[in-house]
Amino acid sequence: MKLRIEKRLAVPRYSSILVPILSVAAALLLMGIILLIFFYGRLGTLSLAFKETFEAYREMLTWPFANRYGIFSTLMRMVPLAFVGLGLSFAYRMKIWNIGGEGQLYMGALAATWGALYLFKDVTSPVLMILLISVLGAAAGGIWALIPALMKAFAKTDEIVVTLMLNYVAIFWVDYLVYGPWKDPKGYGFPGTAPFPDQARLATLFKGEFHVGFFIAVAFAIVLHYVYKRTRWGMNSKIVGDNAQAARYSGISIIKYTIIALVVSGAIAGLGGAVQMMGVQHRLQHGFSPGYGYTAIIVAWLAKLNPIAILLVAFLFGGLLVGNDQLQMFYKLPMALISVFQGLVLFSLLGGEAIAKYRLRVSREEAVTNE
């Protein structure tokens with residue numbers, strides 16, 4: 001008897017829906033076990049640990065979606081996740097692995113701050129100011145992604161390593177500015193810039209609990225859905241992702257598509273950073289992102305790179321971030337809890353994808369006799 005792994009000739013159609021659902025379910029189960037162990041170590045009684053785990057899960061999964069404050073907080077956490085997830089999907093369709101969403105988000109936020117406080121400080125029109133800052137943030141994210149794009153296109157470097165390393169460059173650059181030249185002298189020593197002027201802030205609804213950046217993200221998702229489904233770029237990018245050699249034979253420029261895909265990917269993430277500054281933060285601060293760029297990788301994959309689905313998954317993960325804040329506040333759980341959960345989701349998703357694409361085959365080897 002021999003065991004071997006072989007690729008399925010056709011991936012089951014139901015796997016595109018079933019795999020993400022089972023991945024999240026498996027991650028929730030594993031996280032429940034971790035919470036149970038954590039509470040057992042704290043309380044020393046298994047029954048109390050089970051009760052506390054159940055209460056913690058109920059708080060994490062219901063509070064973000066069960067009241068006005070929780071829903072609006074979830075929507076605000078959703079916006080940067082949606083922007084970066086949409087940007088990553090643009091590159092991932094071509095099997096270009098942009099892991100630099102976090103750095104591109106930071107560069108967009110940095111550029112937006114530069115524009116609001118220095119470059120466009122004399123602009124008084126809110127519409128013009130917001131438009132200029134948005135363009136500047138998108139340009140900064142695109143330029144930051146251009147570095148790995150050129151290196152991949154002409155030097156054949158691994159974009160995973162380059163984009164990942166550039167995240168830290170962007171984060172440390174922001175830290176240098178908010179701790180140094182851009183530090184607000186009236187900020188009581190906190191690492192952050194001066195606040196944005198009123199004309200550099202997005203309009204809000206519901207007494208300031210909700211900003212219009214949400215609608216910008218929805219508009220981008222609709223546009224990208226159209227681009228993927230109805231345009232020549234959408235068709236060609238799919239061909240490049242599925243079979244680069246066939247794309248090259250059909251006359252598609254792999255270099256051009258690689259550069260454009262990464263630059264546009266970074267530009268959308270950079271715009272997300274600008275929107276976050278104008279809509280929520282209103283100043284550049286140390287650690288303003290709790291890892292939106294990394295979480296967005298999971299968001300994009302769970303949504304199967306579908307722009308409309310990215311909005312839904314970003315909303316759900318935004319709720320998890322809000323729920324994690326509640327757990328830290330009321331249950332004194334570690335801040336790294338959400339990172340553990342995201343890692344579990346990612347590993348479960350990769351495992352589910354592998355099961356969907358490959359199968360374990362058992363074959364019996366019969367002895368061959370010479371007559």
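Modeller: One term to begin with. A nonpolar core is a set of buried Ala, Val, Leu, Ile, Met, Phe, Trp, Tyr and Cys residues joined through side-chain atoms within 4.5 Å. Also, this is a predicted model.

Biologist: Which residues touch the most other members of the largest nonpolar core?

Modeller: Ile133, Leu284 and Phe317 do, in a core of 110 residues. Helix H3 gives the most to this core, with 14 residues.

Biologist: What does phenylalanine 317 touch?

Modeller: Leaving out residues up to four places away in sequence, Phe317 touches Leu81, Thr295, Ile298, Val299, Leu302, Gln342 and Val345.

Biologist: Now helices. How do H11 and H12 pack?

Modeller: H11 covers residues 292-302 and H12 covers residues 307-331. Their angle is about 135°, and their axes are 9 Å apart. H11 is therefore oblique to H12. The crossing of H11 past H12 is right-handed.

Biologist: Which residues make that contact?

Modeller: H11 brings Tyr292, Thr295, Ile298, Val299, Ala300 and Leu302. From H12 come Ile310, Val313, Ala314, Phe317 and Leu321. By class, the H11 contact with H12 has 10 nonpolar, one polar and no charged residues.

Biologist: Switching to H2 and H3. What's the angle there?

Modeller: About 95°, with the axes of H2 (residues 46-66) and H3 (residues 68-92) 5 Å apart. So H2 is roughly perpendicular to H3.

Biologist: And which residues make the contact?

Modeller: Trp63, Pro64, Phe65 and Ala66 of H2 meet Tyr69, Gly70, Ile71 and Thr74 of H3. That contact has six nonpolar, two polar and no charged residues.

Note on methods:
Residues numbered from 1 in each chain as written. Predicted model: local features only at pLDDT ≥ 70, side-chain atom pairs only at ≥ 80, totals over all residues. Heavy atoms only, no water. Axes fitted to C-alpha atoms, helices over the stretch in contact; angles between N-to-C directions. Helix = DSSP H or I, 4+ residues; strand = E, 2+ residues; numbered from the N terminus. Parallel < 35°, antiparallel > 145°, perpendicular 65-115°, else oblique. Left-handed = near helix turned anticlockwise from the far one by under 90°. Contact = heavy atoms within 4.5 Å. Nonpolar A, V, L, I, M, F, W, Y, C, P; charged D, E, K, R; others polar. Buried < 20%, exposed > 50% of the residue type's maximum accessible area, 1.4 Å probe, protein only.
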